[in-house]
Amino acid sequence: MSESPEHKAPERSPIHSSPITVTFLGTASAMPSSTRNHSSLAVRLGSDVWLFDCGEGTQHRVQKSGVKMGKIEKVFITHTHGDHIFGLIPLMAGCLNGGGGTADDVEDPRKKINLDEPPFEIYGPLGTRAYVRSALTYTHTLLGRPYVVHELRFPSEPRWGDCTSLPRLRYESRGRNITQVDGVWDVYKDNVISVCAAPIFHSVPCVGYTLTEAQVPSKIDPQKYIPHIKRTKTPLSAMSLLQAGESVTLSDGTVLQGPSPRKGRKLVILGDTYDPSPIIPIAQDPDLLIHEATNAHLPGTVLNTREDDTYESVQRTAMERGHSTPQMAGAFAKRIGALSLALNHFSARYPGDDDVDEEAKTVMDAIGNLAANEFGKPVTCARDLMTIDIGFRAIE
Ligand SMILES: [Zn+2]
Ligand SMILES: [Zn+2]
């Protein structure tokens, strides 16, 4: 249910001929390091790019990656902790042709805002809209294109209103306030992709997102159909019906059945969490789960491990701060039947240059193994600018 009418999503071209790619733009937790930036990742869907979280410095990381700034359409925020949102305003200024405005809002030649363009879309919990509006207002930032913030409201929060006394900006479109139905937010849907969200436990309101591709046509073997089509002089256009999984009855009564469509790909992208179990009903069976692993117990591998630390004490401390260990991430991946697992949001103690540094590789391999022991499969420890391609599963 929404405060204002649903915007009709534009028709999207199918993306099943290419991989969905995930590029990690930042994999640090609260403190960035020389090798890890604050949280953000980019999902490429065909030619469009959607970001999940946007920590400080995300714009710089985008420029260092193969991700194209101009293709970023939407940003999904998991929670409003600074390490996940501080980069949003500069990114918006970069993507939306922003410039400095004037205090009294007059006589600025750059105030040519194309209000007819579709707005740049931001989704996030309560506070995202007020944060963006305040930052843009007080920095006198002008954007050359409209933007909109849609908020995911928890049941205990107001269902209506912007929850800020600042007026809506001229280039801000009216956003929806999306309320939960049966514990789930239906965030976005078009003909190819749907995004849902559910709460996950952290120290502040926080969500995990699921991104699901609609069913896609199966590969078709023309040899199975063409002889029948030729024999009965059926127009070749019948092939497109078969490709879509439909059945075609030929003039001699033969019925050809196209192959059933395949399940689309699915990603589960979690924000910070010490227990993501509320998302389980919508998180089953993803091709990729992205789960934080802020703290690990690595005696003998990480030299400054405290002598009195045990796995239990590290897990307890991680959970008290709203976070997870690699073992917790691995166990959750197994619980939801994930095909693969990537860890992110690492403490600054764990270096992100494991592709070039042997010591760093030892640490990150150890973290990956802790998760893999629970998951039962190899686990990827994300590093900044790493890309994972998600293709289709082999047909079982
Ligand atoms: Zn964080
Ligand atoms: Zn957090």
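This report walks through the domains, sheet, helices and core of one predicted protein model.

Residues are numbered from 1 along each chain as its sequence is written, while chains are lettered from A and ligands numbered from 1 in the order in which they are written. In this predicted model, local features need pLDDT of at least 70 and side-chain atom pairs count only at pLDDT 80 or more, whereas totals for chains, interfaces and linings use all residues.

## Domains

The protein is split into two parts: domain 1 covers 20–95 + 180–215 + 263–390, and domain 2 covers 222–257. These bounds come from an automatic or database domain assignment. The C-alpha centres of domain 1 and domain 2 are 46 Å apart.

## The seven-stranded sheet

Helices (H or I, at least four residues) and strands (E, at least two) are DSSP runs, numbered from the N terminus. Two strands pair if DSSP finds at least two bridges between them. Seven strands form an open sheet in the order E11-E12-E13-E16-E17-E18-E19, and the pairing is mixed. E11 (185–189) and E19 (380–381) stand at the edges, each with a single partner strand, so one side of each has no neighbour in the sheet.

Strand E17 spans residues 288–292. A residue is buried if 20 or more other C-beta atoms lie within 10 Å of its own, exposed if 12 or fewer, and partly exposed in between, with C-beta atoms placed from the backbone. Five of the five residues of E17 are buried, so this strand is largely enclosed by the rest of the structure. Both of its faces are covered: Leu288, Ile290 and Glu292 lie on one side, Leu289 and His291 on the other.

E17 pairs in the parallel sense with E18 (residues 341–344) over four bridges. Histidine 291 stands opposite leucine 343, and leucine 289 has leucine 341 as its bridge partner. E16 and E17 also run parallel, joined by three bridges. There, isoleucine 269 is partnered by isoleucine 290.

| Partner of E1 | Bridges | Example pair |
|---|---|---|
| E20 (residues 387–390) | four | valine 22 with isoleucine 388 |
| E2 (residues 40–45) | five | phenylalanine 24 with leucine 41 |

## Helices H8 and H9

Helix H8 takes in residues 326–335. Seven of its ten residues are buried, so H8 is largely enclosed by the rest of the structure. The buried ones are Pro326, Gln327, Met328, Ala329, Gly330, Phe332 and Ala333. They pack against E17, E18 and H9. Just after H8, glycine 337 has a positive phi of about 70°.

Axes are lines fitted to C-alpha atoms, for helices over the stretch in contact, and angles run from 0 to 180 degrees between N-to-C directions. H8 and H9 pack at about 35°, their axes 7 Å apart. The crossing is right-handed, meaning that the near helix is turned clockwise from the far one by less than a right angle. Two residues are in contact if their C-beta atoms, placed from the backbone, lie within 7 Å. On the H8 side, the contact residues include Pro326, Ala329 and Lys334; on the H9 side, they include Ile367, Ala371 and Phe375.

## The nonpolar core

A nonpolar core is a set of buried Ala, Val, Leu, Ile, Met, Phe, Trp, Tyr and Cys residues joined through C-beta atoms within 7 Å. The largest such core has 88 residues, and Val43, Met92, Val187, Leu341, Leu343, Ile367 and Ala371 touch the most other members. H9 gives the largest share of this core, six residues. Leaving aside neighbours within four places in sequence, alanine 371 is in contact with residues including Ala293, Pro326, Leu341, Leu343 and Val379.

Helix H3 (residues 88–95) has Leu88, Leu91, Met92, Ala93 and Cys95 as its buried residues. Asparagine 97 follows H3 and has a positive phi, near 60°.

Most residues other than glycine have a negative phi. Aspartate 53 has a positive phi of about 65°, and phi of aspartate 285 is near 65°. Aspartate 53 lies in strand E3 (residues 48–54) and is buried, with 29 other C-beta atoms within 10 Å. Aspartate 285 sits in the loop between E16 (266–270) and E17 and is exposed, with 11 C-beta neighbours inside 10 Å.
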